[in-house]
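Here is a short note on the salt bridges of this model. Please read it with the structure open.

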Amino acid sequence: MTRPVHAHTSEGGFVLLLPTDMYIASGVLAVALTVAMLIALPAAVTSNLFQPFSLSKPLFGDAVRMRFELSTSLLSAGVLLWLLYVGLNGPRDPLANPLPLSIWSIGWIGFVFLQGMLGDLWRVFNPWRGLVWITHNALGLHPLARFPSWLGQSIGLVSFGVIVGFLLADVAPSDPARLARFVGLYWLVGLVGRIIFGSRWARRADGLTMLLSLYAKVGVFARRGGKFCLGLNGWQIARRRPLPIGISVLCLLMLGSGIFDGLNETFWWLAKIGINPLEFPGRSAVIWQTLTGLVATNLALIALFCLTLWIGVRLARVDMPFAKAFCIFAPTVLPIALGYHFAHYFTSFLVEAQYALVAASDPWATGQDFLGLGTFYVSTGFFNSQDSVRVLWLCQAGGIVVGHMVALLLSHAVALRHFGNRATLSQVPLAMFMIFCTFIGLWLLASPRGF
């Protein structure tokens, strides 16, 4: 017996192309703000912008907070295991199965953005921490081995590349069963790694936790000296010591991978790899081209960053090893990465979040309504009104420009801290690099896409 097959994907279904006039205006605004801040903004003002405010002490002590975080971690692990089960046994439609919507829409898009805006939410929802605490403390299975220091963060960089490669190059990253196997294997490896090597596995070998930890340092909230502190996005980066070289490289990989995530859908990229965008043959036909482009984009971005940083250090005549300068300034690109992450996924999240709500109410697609939504239709009406679409465009362009401004201010504050009165001269080449990244992000939003 034959039945019709319906194909679905949660990627690229809803795309608003930024108009040329808004693209140009936003780029000009970014340049103007860059010049104005580098020339006119006093050094004391820049430094004080990243001075945090201490809030009141937490209502609960460390013991209560620890029990709360362990409880939420165990709950997260339980929810994840349930999602994996539904992914393997539930509906095949990625827009009806809660696993792809939870991992890609709610997790990769929404949670990552909130982590970068607010602070370390991952500490509460980490699906490994509670189970690892039980094995190490309740069962007495302390870390069995010491993580090899000579590996640095290399395993973490590879695991980050595996995640991004799966998202961008796999033939069906939103297929529920396929995604369940990938996420399940990643979670299991992470659990075993933490049991054997302890917390160093999370800091050096888990690309997802490393990514979220970096974005947490961009957030406005953090815990310092037993108090909650509040400051401008990036204040934790402005006030901390240089990161290890592997973590610093990851900062640029986060930006480069985000850029390629938008680039590989454009008509320009498809033409470069010999694909007619109007006759796209499917992801299986461009796997190696996508992986090659991902690697090449990241290598080119790192090389360009190193070149501009080297020129800046030379112009300022600062006696500092280049490796140290790289580790100091690499994290300053994170606000740009977060701004593009928001702009790139904003419109698709508005739609897919509604599908996620429906899937939460009816996870097996059998007509149940656990959340009492009643007759609920996913709406895309905000794409049909000129006023609402203009608001969406302004949000997308604004996200990139604001990310550019914060990154520039952060970079300047870091330069003032380490270079003193030579900071401004050292920042000119790096500011040009940031302007280039901002223009690329705006161009990607304005470029036609093939799939």
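1. R178 is partly exposed, at 33% relative accessible area (buried is under 20%, exposed over 50%, partly exposed in between; 1.4 Å probe, protein chains only). Its salt-bridge partner is D170, with N and O 2.7 Å apart. D170 is buried, at 14%.

2. On the source: this is a predicted model, where local features need pLDDT of at least 70, side-chain atom pairs count only at pLDDT 80 or more, and totals for chains, interfaces and linings use all residues. Residues are numbered from 1 along each chain as its sequence is written, and side-chain values use heavy atoms, with hydrogens and water left out.

3. A salt bridge here means a side-chain nitrogen of Lys or Arg within 4 Å of a carboxyl oxygen of Asp or Glu. The count is 6 salt bridges.

4. E69 pairs with R129, and the closest N and O atoms lie 2.6 Å apart. Helices are DSSP runs (H or I, at least four residues), numbered from the N terminus. E69 is buried, at 5% relative accessibility.

5. E265 and R449 form a salt bridge at 3.2 Å, N to O. This pair links distant parts of the chain, 184 residues apart. E265 lies in the loop between α12 (245–263) and α13 (267–272), and R449 in the segment after α18 (423–446). E265 is buried at 9%. R449 is buried too, at 17%.

6. Shared partners join R65, E69, R123 and R129 into one salt-bridge network.

How values were computed: Helices (H or I, at least four residues) and strands (E, at least two) are DSSP runs, numbered from the N terminus.
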